[in-house]
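Cut-offs are given where a term is first used.

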Amino acid sequence: MSTFKRGDIIEHDGLLGVVVGTDADGGAPEDHLALWYGEPRCTRISKGGVGGQHPEVWTVPSEYCTLAASPVVRH
């Protein structure tokens, strides 16, 4: 069972991702995490984007992930 939980920001192979599911909550296969890496192709609606995009979530073995450094919070 993974020590990660939903909402954790992780690093996987140099990429930052957010845990959106774990094996403990049924959101990923055993010993895996469901990760969202963000979607750089999206454009803000206020900047002419269309919205309604479908997020892409990947399952990755949890052993390949580490907690990311503390985030820089901006407002």
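Asp13 is found in the loop between β1 and β2, where strands are DSSP runs of E with at least two residues, helices are runs of H or I with at least four residues, and both are numbered from the N terminus. Asp13 is not a glycine, yet its phi is positive, at about 55 degrees. The residue is exposed, with a relative accessible area of 72%; exposed means over 50%, buried under 20%, and partly exposed in between, using a 1.4 Å probe and protein chains only.

The model is predicted, so local features need pLDDT of at least 70 and side-chain atom pairs count only at pLDDT 80 or more, while totals for chains, interfaces and linings use all residues. Residues are numbered from 1 along each chain as its sequence is written, and side-chain values use heavy atoms, with hydrogens and water left out.

A positive phi also occurs at Asp31, again a residue other than glycine, with a value near 60 degrees. Asp31 sits in the loop between β2 and β3 (32–36) and is partly exposed, at 38% relative accessible area.

**Sheet**

The protein has five strands and zero helices, giving the pattern β-β-β-β-β along the sequence. The five strands form an open sheet in the order β4-β3-β2-β1-β5, with antiparallel pairing; two strands pair if DSSP finds at least two bridges between them. Because β4 (57–61) and β5 each have a single partner strand, they stand at the edges, and one side of each is left without a neighbour in the sheet. On average, neighbouring strands of this sheet are turned by 50 degrees against each other, direction ignored; the axes are lines fitted to C-alpha atoms, for helices over the stretch in contact, and angles run from 0 to 180 degrees between N-to-C directions.

Strand β1 (residues 9–12) is joined to strand β2 (residues 15–22) by four bridges, and the two run antiparallel. Ile10 stands opposite Gly17 in β2. Strand β1 also pairs with β5 (residues 65–67) in the antiparallel sense, over three bridges. Within β5, Leu67 is the bridge partner of Ile10, and Cys65 is the bridge partner of His12. The covered face of β1 carries Ile10 and His12, and the uncovered face carries Ile9 and Glu11.

**Core and cysteines**

Which residues form the largest nonpolar core? The seven are Phe4, Ile10, Val19, Leu33, Leu35, Val60 and Cys65. A nonpolar core is here a set of buried Ala, Val, Leu, Ile, Met, Phe, Trp, Tyr and Cys residues joined through side-chain atoms within 4.5 Å. In soluble globular proteins, nonpolar side chains tend to be buried together.

Cys65 counts as buried, at 6% relative accessibility. Apart from its neighbours within four places in sequence, Cys65 is in contact (heavy atoms within 4.5 Å) with Phe4, Ile10, Glu11, His12, Leu33, Leu35 and Val60. Cys42, by comparison, is partly exposed at 37%. The structure holds zero disulfides, a disulfide being a pair of cysteine sulfur atoms within 2.5 Å.

**Salt bridges**

A salt bridge is a side-chain nitrogen of Lys or Arg within 4 Å of a carboxyl oxygen of Asp or Glu, and by this rule the count comes to two.

| Lys5 | Asp8 | 3.1 Å |

In the Lys5 pair, Lys5 is exposed at 53% relative accessible area, whereas Asp8 is buried at 11%. Arg6 is exposed, with a relative accessible area of 53%, and Asp25 is partly exposed, at 36%.

**Whole chain**

Buried residues make up 25% of the 75 residues in the protein. Of the contacts with a separation of 6 or more, 42% are between residues 24 or more positions apart. The C-alpha atoms fill a box of roughly 45 × 25 × 20 Å, taken along the principal axes.
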